[in-house]
Amino acid sequence: MLLLACAAAPVLGAYAAAPSAAIGGSCQAQLATAAPDADSSGIDADTPADACTFEICTEDYETCTGGGAPLSTLQLVLSDEFTAPNQSFAAGAGNPRWTAGNMWYSGTADWEAYKPEQVTTEGGAAVLTIERLPEGQPATGLSQRGQFDRNVVWTKKDLQYKSGWLDSWNKMCFTGGYVEARVQLPGDPGIAGFWPAFWLMGNLGRAGYMTSTDGMWPYTYDHCGGDAVGREFGDQGPIPQRFSACPDPKGVNRTLWGLLPGQGRGAPEIDIIEVKSGKGKSSGGNQPRYPFTLLPLHVAPLIPENTFWTETDADGNTVPGPGQYIPQQDQFWTDLEFWKGPFATNQQDRPGDKVRDVMGAYAQLDESFWTDYHTFGLLWQPGEYIRWYIDGTFVYELNKEALRAQSNGSYTVPERLIPVEPMYVIMNLALSDSFGTVKEEDLPYPSQFKIDYVRVYQNPDNVSTTCDPGDHPTEQYIACNRDLYLISEEEQALVTATCLGAPSCASEANMDYTGADLKTPEGLSLRYNSTTPRQCCEACQKNAACGAYTWAQDYDGTWYCYLKDRSGSFTRTPKEGPISGVVYDAGATVPRGPTNSSSTGGLPASTPNSIPGAIPVGSASGTSRLLGAGVGLAAAAAAAVLVL
């Protein structure tokens, strides 16, 4: 395999040569001096003084790999040292940076449930622990399923494993800069199975919440049209971009949700590490050398068939194409990613699947990554390039040239973007054979993925540490569509904004609101055939007498929406299956009409578009809401995704 090698190892990053303490003050004080308008509250006071700045070359590849490369001094803008012991990161714990996962990650058919108790701090590190549970004592995880599962929106899984997930969604985001974590990997480097990851996602998608990511992930695209590749795969192909650069269709006004008109939006994904353990090489051909980490950007839309971002050399080897650099290091043997996608001719020329292109590389790791701490970093210049680092050594670059417009002569896809969205941080420890072989009986339990720190540095002249930047806003869209992002009463605290431009709903899974049903003229409970709870929310919004609703399944397997009288009183009754919610009018901070005393009054989702309402049906049984055995849990808003 021929790689783009440099005459000498490029020195593209190093901690500031002069200790920041010599400059004076804490990291917060130094940021206030360097960038007076920047918010320094995201910096951990325990970050050491010698880590307040970071020097790295931020110029183009040729400049940074030449002799005497110029170094830019970046300022610490976000950090967590995880110093305080026994921290809780549950959704209701109020941690200002992080939330621990409480779900089953259905997107990759994981074997584990993520539970908040599997994430804590000890020894100055965040610790994510995976355990194998005794027979008959499974962990339970809710999963919000999206449009890929057209008729299943909520599912609950009882799983033999539980593990840890930590993310900063809607709390701690940044746009551009250098992000680094110092970690120790879990398990044994020679035993395949554990899947530790440190990655970024755009704030408009909450990872694991599939109705929030449908039509968002992993789009990084700002054009109207050119996004039809893969539609031939039907339900297995890509979901259309929810908000493209095209004008809104009739009845839709994205500005009511705080979005900018004519701007393509998405939730791109950058994986800083995704580690595969094991021994030797994969089966067949010139395969990766285990253990290793993947270094990909996931991107949509797909480029046309018979187009590639790689090239073939004179010897028939697949090599990096324009906009990719792999400056080979002795320490971290690096090569293009292996994954034969549906448009590929071999295992390296076009990785991906029927939904996305996966542009990346992999780097071999040694056993010390499992016994000691090592650093993994990413330098991200929005719209320009992404560079991956291991222990300060540059191992791979992907720049905008690799995402250039592509045409096969009959169809053209304009350029896709090096991500420009505000991104948040995710760290998780998974187990799934969708990622590779799992030596289930050989893996050591419990095992721990340890994170010593997470730090983000930016140019002090261009600090952006908000989840809601003016050029790519997210706050109002999320506030107006909470049902896409939140599945429980506890999680409502993760979204603090009020939806200003449209009615919205606050919903919760596995909850039945009983009593206070609106009545038909015949005295029967008013109910509607309703495909999704989003339609139920809309029906309530359009009925001035309605203040709340329950979406539940009847004896015959049909899902119905029951509307609640805003002047009545209902009881919140935990029950597997229904999803219930309350309605807020635009700008309101309390729901319509009275609710029972046990209701939080804060549960929300909105739809300023014109999805057809449900059709009322008669009911001799009136209030019947019996759930059949084994029925999947109700969830939110697949219909809205289809319209958008």
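Trainee: Why is D585 called partly exposed?

Mentor: The relative accessible area of D585 is 32%. Buried means under 20%, exposed over 50%, and partly exposed in between, with a 1.4 Å probe and protein chains only. The value of D585 lies in between, so D585 is partly exposed. This is a predicted model, in which local features need pLDDT of at least 70 and side-chain atom pairs count only at pLDDT 80 or more, whereas totals for chains, interfaces and linings use all residues. Residues are numbered from 1 along each chain as its sequence is written, and side-chain values use heavy atoms, with hydrogens and water left out.

Trainee: What makes R592 count as buried?

Mentor: R592 has a relative accessibility of 7%. That is under 20%, so R592 counts as buried.

Trainee: How do you know that D585 and R592 meet in a salt bridge?

Mentor: A salt bridge requires a side-chain nitrogen of Lys or Arg within 4 Å of a carboxyl oxygen of Asp or Glu. For D585 and R592 the distance from N to O is 3.0 Å, which is within 4 Å, and therefore the term applies. In general, side chains of opposite charge can pair when their charged atoms come close.

Trainee: How many salt bridges does the structure hold?

Mentor: There are 21. One of them joins E576 and K156, whose closest N and O atoms are 2.8 Å apart.

Trainee: What makes E576 and K156 a link between distant parts of the chain?

Mentor: The two residues are 420 residues apart: E576 belongs to strand β34 (residues 571-584) and K156 to strand β10 (residues 154-159). Helices (H or I, at least four residues) and strands (E, at least two) are DSSP runs, numbered from the N terminus. The protein chain has 7 helices and 35 strands. E576, at 40% relative accessible area, is partly exposed, and K156, at 34%, is partly exposed.

Trainee: Are D357 and R350 buried or exposed?

Mentor: Both D357 and R350 are buried. Their side chains form a salt bridge at 3.2 Å, N to O, and R350, D357 and R416 are linked in a network of salt bridges.

Trainee: Why is the aromatic pair of Y161 and Y445 called tilted?

Mentor: Rings of Phe, Tyr and Trp (its six-membered ring) pair if their centres lie within 6.5 Å; planes under 30 degrees apart count as stacked, over 60 as edge-to-face and the rest as tilted. By this rule the structure has 28 aromatic pairs. Y161 and Y445 are 5.5 Å apart, centre to centre, with 40 degrees between the planes, so they pair and the pair is tilted. Y161 is buried at 2% relative accessibility, whereas Y445 is partly exposed at 24%.

Trainee: How do you know that R455 lies over the face of Y453?

Mentor: The rule asks for NZ of Lys or CZ of Arg within 6 Å of the ring centre and within 35 degrees of the ring normal. R455 is 3.5 Å from the ring centre of Y453. The charged end of R387 likewise sits over the ring of Y385, 4.0 Å from its centre.

Trainee: What puts the buried residues of helix α1 on the same side?

Mentor: The buried residues of α1 (residues 27-34) are C27, Q30 and L31. They cover an arc of only 100 degrees around the axis, and therefore they lie on the same side of α1; the arc is that of the directions from the helix axis to the C-beta atoms.
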